[in-house]
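This briefing concerns the structure displayed below.

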Amino acid sequence: MPPGTMGLTSAEAQARLATEGPNAIGGSGQRTRLAILVSQLASPLVLILVAASLVSLVVGDRVNATIILVIVVMSASLGFVQEARSEAAVAALRARLTLRAMVVRSGQPQEVPIRDGVRGDLAILAAGDIVPADAQLVAANNLYVDEASLTGESAPAAKTVRTGALKPGHEADRDGLLFFGTSVVSGTGQAIVTATAARTAYGEIARRLAERAPENDFQRGVRHFGYLIFRVTGILVIAVLAINLALHRPVLESLLFAIALAVGLTPELLPAIVTLNLTQGAHVLAAHGVLVKRLPAIQNLGSITVLATDKTGTLTEGRLEFIRAGCIDRDDAAEIAETLDYAYLNSHFQTGFSNPLDAAILGGVRPPADLAAYRKLAEVPYDFTRRLLSVVVQRGDEPPMLVTKGAPEAVIQLSSQVRTDDDSRDVTTSEHRRLARLVSSASTEGYRLVAVGSRRLAESELQVPPTGGRPIVNDPAKLEHDLVFEGVVLFSDPPKGGVGDTIAELASQGVALKVVTGDNELVARHVASQVGLAVEGILTGEEMRSLSHPALVARAKRTSIFARVDPGQKLQVINALHAGGAVVGYLGDGINDAPALHAADVGISVDNATDVARSAADIILLEPSLEAISRGVVEGRRTFANTLKYIRMGTSSNFGNMLSMTGAALLLPFLPMTPGQILLNNLIYDASQTAIPTDRIDPESRAAPARWDVHAIQRFMLIFGPISSLFDFATFGLLILVLGLNERAFQTGWFIESLFTQVLVILVIRTRLSPFWLSHPSPELLAAILVALAAAVIIPLSPIGDVLGFAPLPVIFWPLLGLIVGCYLALVELVKRRFEPRG
């Protein structure tokens, strides 16, 4: 224990625990499940649907009221699941706090629950321990900590004691700091706790997860659409009610008629259509190893314009691979083989923690032919200060050999000679420059590399214990000097097969790929060049710290690689992209990725990610694959395109019907349809729309991000609605002036004409192709259309028709109906060409 570091007294610890609270995350400020569920009813669309169900109950239509209420429950459930993810993510973090820690209290080590740890505690750490809080090291002995869940780096981080005030956000200070929830791989250490509970790095992540997620593109679109329907519905209800009252019609009947119109305009099956669309999409994606946790994420995935991801495991295989070896004047195969023999000996005999570099050497380099003749005499473990690992081996009766492997700069600094084709020569200033250029060239190309050096030892340089056994190395500097620089070994994380084609496919879909990595910019650029990712700009974490938020928003738009970013900066990148108008998908697997996953429009993680990351994500990939995401983008656009079909067709047709109703209230001495007939008309039409999720979509719908455009929906409604109303008025004239029908027969004729035009126009509006028959509907949609048309004909002629107020129609009505419907579809086809010309 370092002098003067006796820890807190038990009394001090109790006082701080009472003042600062337990070392636990969460508990306060979290909403209950009931509160989350109640909040779902704040949606304008849900309020309209609830009103519609009440109207149905008033007019005695319990079946329709039940259907609408079921739809409301489904919609609220989707929102509930969406917002409850915060609670699940926080619970996963809190689960980490069930462990115990060893601390020094009153000068004595004692084990306490992690939740009882306080700021100022002296924590004692050994291999296998979980770091109980954020802390600064005061003693360390070959201490290596696995920070993969926090930083994404697979190799354990070497830790060393550093004096002064250290800042967690500064990369240069991280080696002297420990972070809650990380784990000790090897070595021992002691650290003073600097932050507990919500003040730790994980506590900050938990706080962000507990916040309500920013409104994503899909939620924003639904909200704006709900406001549109709310406004139009209110205006129509007031207008129709005022007209009927001005004409001295019964107040109750007029009120029910006006509210029934509102119900008719409301797309009450929208949540059901969306759910059916999303469920089908989820089944399709599940077959390809993509698990959808929150159904709306599929639609959001079709809207993304930016996909942010780390490179490891997505662009690359996530493993280091041996590439080649080299040195000054080394063009001889035998000499290169000798360099690799030394590298293999070092990796084979070292007994420290397993690391990717040694695994790549042992897996990619051929062992020395005489490996069995070597025996290990001693080992100098790797440490952060030296950045070297050395082993002493001996072959037969030959003098012992020191084989050193480590950071190229460190090996060069300790080398007095360099291996050449012939033998070796002294390292001059010129040779040093040449070695530096060799290392710089390999680094610029994006390779990871280690250097290898060797030296023959005299027997006297090894200190053998009096009791025998292996020599002891107390001072590495006594051995690691005057090395012969053997060469460098180059490694690379190979790109995934086919990832370049997938990146090109994403680009063709209008999705820009941006790499957000803790690696350096040289490696990131090298990987980008390997996979065919065009690099528009590179921004480092250090540069980000000097930028204001507006400046970062501007830079983020034209940046392809964000390199050397710390965990907090990932969220900054997502927020900056959002502020620039992008719809962002984010792929991450570590705890440090959770806030970014939470803030993105679509959070994507992988099956072997941390619990917190999986909880915060919307979509889970069984294997990290851009191809799966690309497939999800297409499926999301199919879902959105089919949802938009329902919205455009439903609002335009219903709006036209409402205009016709309003006009009829002025022109006719009776109601053009009874409230019950209006609801039946709406129910048959909506039932036919339930097959839309099965429909095919045009290739153009897959080629660009799908975005909500409420103004375009409103424009579509205002153009195509009056066209429908125009033919309704033509039908009015036909029924009264030509056929001279009475009230009940008139209502029957318009009921049938209204359904025929609404249902058949689906075939025209569902595609941008012209003429519309070039695009074939799905068999399910075609069958639903035929069933709806049959219902429109059969119900008025059946015994139920009399109960609903229908009456028989003359035979001449049917050919005239065909003429009106044909002219209507032809005009819609012509207007469609001008409204949305094909690019």
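Contact here means heavy atoms within 4.5 Å. The model is predicted, so local features need pLDDT of at least 70 and side-chain atom pairs count only at pLDDT 80 or more, whereas totals for chains, interfaces and linings use all residues. Residues are numbered from 1 along each chain as its sequence is written, and side-chain values use heavy atoms, with hydrogens and water left out.

**The chain as a whole**

- The secondary structure amounts to 30 helices and 23 strands; helices (H or I, at least four residues) and strands (E, at least two) are DSSP runs, numbered from the N terminus.
- Of the 839 residues, 55% count as buried, where buried means under 20% relative accessible area, exposed over 50% and partly exposed in between (1.4 Å probe, protein chains only).
- Among contacts between residues at least 6 apart in sequence, 75% join residues at least 24 apart.

- Gly585 lies in strand S21 (residues 584–587) and counts as buried because its relative accessibility is 0%.
- Not counting residues up to four places away in sequence, Gly585 touches Ile304, Val306, Leu307, Ala308 and Val602.
- The C-alpha atoms of Gly585 and Leu301 are 7.0 Å apart, although 284 residues separate the two in sequence.
- Val118 is placed in the loop between strand S2 (108–113) and strand S3 (122–126), and its relative accessible area of 1% makes it buried.
- Leaving aside neighbours within four places in sequence, Val118 is in contact with Leu8, Ala13, Arg16, Leu17, Arg105, Val193 and Thr196.
- Thr196 is 78 residues from Val118 in sequence, and their C-alpha atoms are 6.4 Å apart.

**Helix H30 and its packing against H25**

- Helix H25 (residues 710–738) and helix H30 (residues 813–835) pack at an angle of about 155°, with their axes 11 Å apart; axes are lines fitted to C-alpha atoms, for helices over the stretch in contact, and angles run from 0 to 180 degrees between N-to-C directions.
- H25 is therefore roughly antiparallel to H30 (under 35 degrees counts as roughly parallel, over 145 as roughly antiparallel, 65 to 115 as roughly perpendicular and the rest as oblique).
- The residues of H25 in this contact include Phe716, Phe720 and Phe727, and those of H30 include Ile820, Tyr824 and Val828.
- By class, the contact of H25 with H30 has 17 nonpolar, 2 polar and 2 charged residues; Ala, Val, Leu, Ile, Met, Phe, Trp, Tyr, Cys and Pro count as nonpolar, Asp, Glu, Lys and Arg as charged, and the others, Gly among them, as polar.
- The buried residues of H30 include Phe813, Leu817, Glu829 and Lys832.
- Among the elements covering the buried residues of H30 are helix H22 (626–667), H25, helix H26 (743–760) and helix H27 (762–765).
- The 23 residues of H30 should span 33 Å at 1.5 Å a residue, which agrees with the 32 Å between its end C-alpha atoms; the expected span is 1.5 Å times one less than the number of residues.

**Helices H22 and H26**

- H22 and H26 pack at an angle of about 155°, with axes 10 Å apart, which means that H22 is roughly antiparallel to H26.
- Ser653, Asn654, Asn657, Ser660 and Met661 in H22 meet Trp750, Ser754 and Gln758 in H26.
- The residues of the contact of H22 with H26 divide into 2 nonpolar, 6 polar and no charged.
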